[in-house]
Amino acid sequence: MTGTPLPLVFDAPARGKAPKHWLDLGVDERVEAIGKLGLPRFRADQISRHLFDRLEDDVTRFSDIPSAIRDDLGAQLFPKLLEHVTQRTADKGATVKTLWRLHDGSLLESVLMRYPGRSTLCISSQAGCGMACPFCATGQGGLKRNLSQAEITVQALAANQMLASGVVPGASGRLNNIVFMGMGEPLANYKAVMGSIRTLLAPSPTGFAMSARGITVSTVGLVPKIHQLREEGLPLTLAVSLHAPDDELRDEIVPINNRWKVDEVVDAAWEYARATKRRVSIEYALMRDINDQKERAELLASVLKRRGDWGWVHVNLIPLNPTPGSKWTASRREDERTFIQTLERRGVPVTLRDTRGSEIDGACGQLAATVQE
Ligand code: SAH
């Protein structure tokens, strides 16, 4: 990658749009863009092959492209999008969290997790987040700006480069899974997120050739956008951050609930599952004495059961990762156990998420928050 290093500004206001990049473009737009540089269309495939097959984004290494035009190509379509700030590892190196800085000083983080035989990347869709969930570090900072399509996709490129370079012990091959569970609300940046997903799914040489089933879009519950996602007709995995089965509590801990209620969100999720045949994941972060009572586990089971048998849904319990200075904290072991048992007794498919990376501030937005302090 090329480019001048940016000054170390951690809390700079957003300054306009990200520079245009190859990763912002669809297949036809790429042909058009290189046409403007005086290149014939077959060059588009050559360039994409460098990027998606060889994971090379340094145009000076595009050896089959005439050197006279590589500079123009670099300046106009391959600007440096991510500046590496810090990297932290946990789980004996199997979890790598990287903090990046964007052209305008905004911070962005992504977490790479290696499991036996596969690897998952947690990526960000916005700089900051406007959803204001009080237990979430990112939510406290507010929204800085939407990421561009390229700024989203380039996180996958960087992770694939990391895997290829051997930084992650025991890793080989490419990313298998991507979860939109980093900073931001992906469905509030719909166009860029979908554009990025299309590039992740596109076959070689025009994209990363990933499988739709390997991509999880996690939402706070923007109901019209869940419908829109369903209408894309792609078997993407949908995760809904429910966190409470009743409106009274959800209004407080997931403020967008004041706009779309529990029933509307669960209905939209159910319709998604029905149309795509993909099991929806209901995310539920267990918070001590807030949402972890046995009665709420019963109510959660009833709310989900109302939409038919258990085939459509799965509850993913997340031990709350406390943010320093916040009143929100993780549930007691015994409450956690009772919550799980209550769901299991009602037949609800339930898992407790592993706490990968919690010692490196792995929860949503925490690394960026630490650096900003
Ligand atoms: N905006 C999307 C993606 C956000 S992060 C969404 O709301 O789904 C992904 C998940 O992490 C969400 O379920 C979010 O509620 C959860 N999360 C945020 N802060 C957390 C914390 N401190 N501990 C545990 N989970 C948290």
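**Sheet**

I began with the sheet, and I find that 10 strands form an open sheet in the order 1-2-3-4-7-8-9-10-11-12, with mixed pairing. Here two strands pair if DSSP finds at least two bridges between them, and the elements themselves are DSSP runs numbered from the N terminus, helices being H or I with at least four residues and strands being E with at least two. Strand 1 (83-90) and strand 12 (350-352) stand at the edges, each with a single partner strand, so one side of each is left without a neighbour in the sheet. From one strand to the next the twist averages 20°, where axes are lines fitted to C-alpha atoms (for helices over the stretch in contact) and angles run from 0 to 180 degrees between N-to-C directions.

I note for the record that this is a predicted model, in which local features need pLDDT of at least 70 and side-chain atom pairs count only at pLDDT 80 or more, while totals for chains, interfaces and linings use all residues. Residues are numbered from 1 along each chain as its sequence is written, and side-chain values use heavy atoms, with hydrogens and water left out.

**Strand 4 and its partners**

I then looked up strand 4 (residues 118-122), and I find that 4 of its 5 residues are buried, where buried means under 20% relative accessible area, exposed over 50% and partly exposed in between, with a 1.4 Å probe and protein chains only. On one side I find strand 3 (residues 107-115), which pairs with strand 4 in the antiparallel sense over 5 bridges. The two strands form a hairpin with 2 residues between them, and in the turn Gly 117 has a positive phi of about 80°. Among the pairs I checked, Arg 114 has Ser 119 of strand 4 as its bridge partner, and Leu 112 stands opposite Leu 121 in strand 4.

Strand 4 also runs parallel to strand 7 (residues 177-180), to which 3 bridges join it; there I find Cys 122 opposite Val 179 of strand 7. For Leu 121, which lies in strand 4, I read 2% relative accessibility, and the residue therefore counts as buried. I also looked up the C-alpha atoms of Leu 121 and Ile 215, which are 94 residues apart along the chain and separated by 9.6 Å.

**Ligand site**

Which residues are closest to the ligand? I find 18 residues around the ligand, the closest being Glu 185, Ser 218, Ser 241, His 243 and Asn 321; a residue is near a molecule or strand if one of its heavy atoms lies within 4 Å of it. By class I list 9 nonpolar, 7 polar and 2 charged residues in this shell, with Ala, Val, Leu, Ile, Met, Phe, Trp, Tyr, Cys and Pro counted as nonpolar, Asp, Glu, Lys and Arg as charged, and the others, Gly among them, as polar.

For polar contacts I use pairs of N or O atoms within 3.5 Å; within protein, one must be able to donate a hydrogen and the other to accept it, and residues adjacent in sequence count only if both atoms are side-chain atoms. An N or O atom in the side chain of His 243 is 2.7 Å from an oxygen atom of the ligand. From the backbone, an N or O atom of Thr 219 lies 3.4 Å from a ligand oxygen atom, and a polar backbone atom of Phe 135 is 3.4 Å from a ligand nitrogen atom. Taken alone the ligand exposes 530 Å², of which the protein buries 94%; accessible areas come from the Shrake-Rupley method with a 1.4 Å probe, and for residues only the protein chains shown count as cover.

**Helix 5**

In helix 5 (residues 149-165) I looked up Glu 151, which counts as buried at 1% relative accessibility. Its side chain makes a polar contact of 3.0 Å with the side chain of Arg 145. Ser 165 is also in helix 5, and a polar atom of its side chain lies 3.0 Å from the backbone oxygen of Met 162.

**Backbone checks**

Most residues other than glycine have a negative phi, and most peptide bonds are trans. I find a positive phi of about 60° at Leu 55, which is not a glycine; Leu 55 sits in the loop between helix 2 (42-53) and helix 3 (67-77) and is buried, with a relative accessible area of 10%. Ala 132 also has a positive phi, near 60°, and lies in the loop between strand 5 (126-128) and helix 4 (137-141), where Ala 132 is partly exposed, with a relative accessible area of 38%. The peptide bond from Ser 204 to Pro 205 is cis, with omega near 5°, and Pro 205 has its place in the loop between helix 6 (190-201) and strand 8 (215-219).
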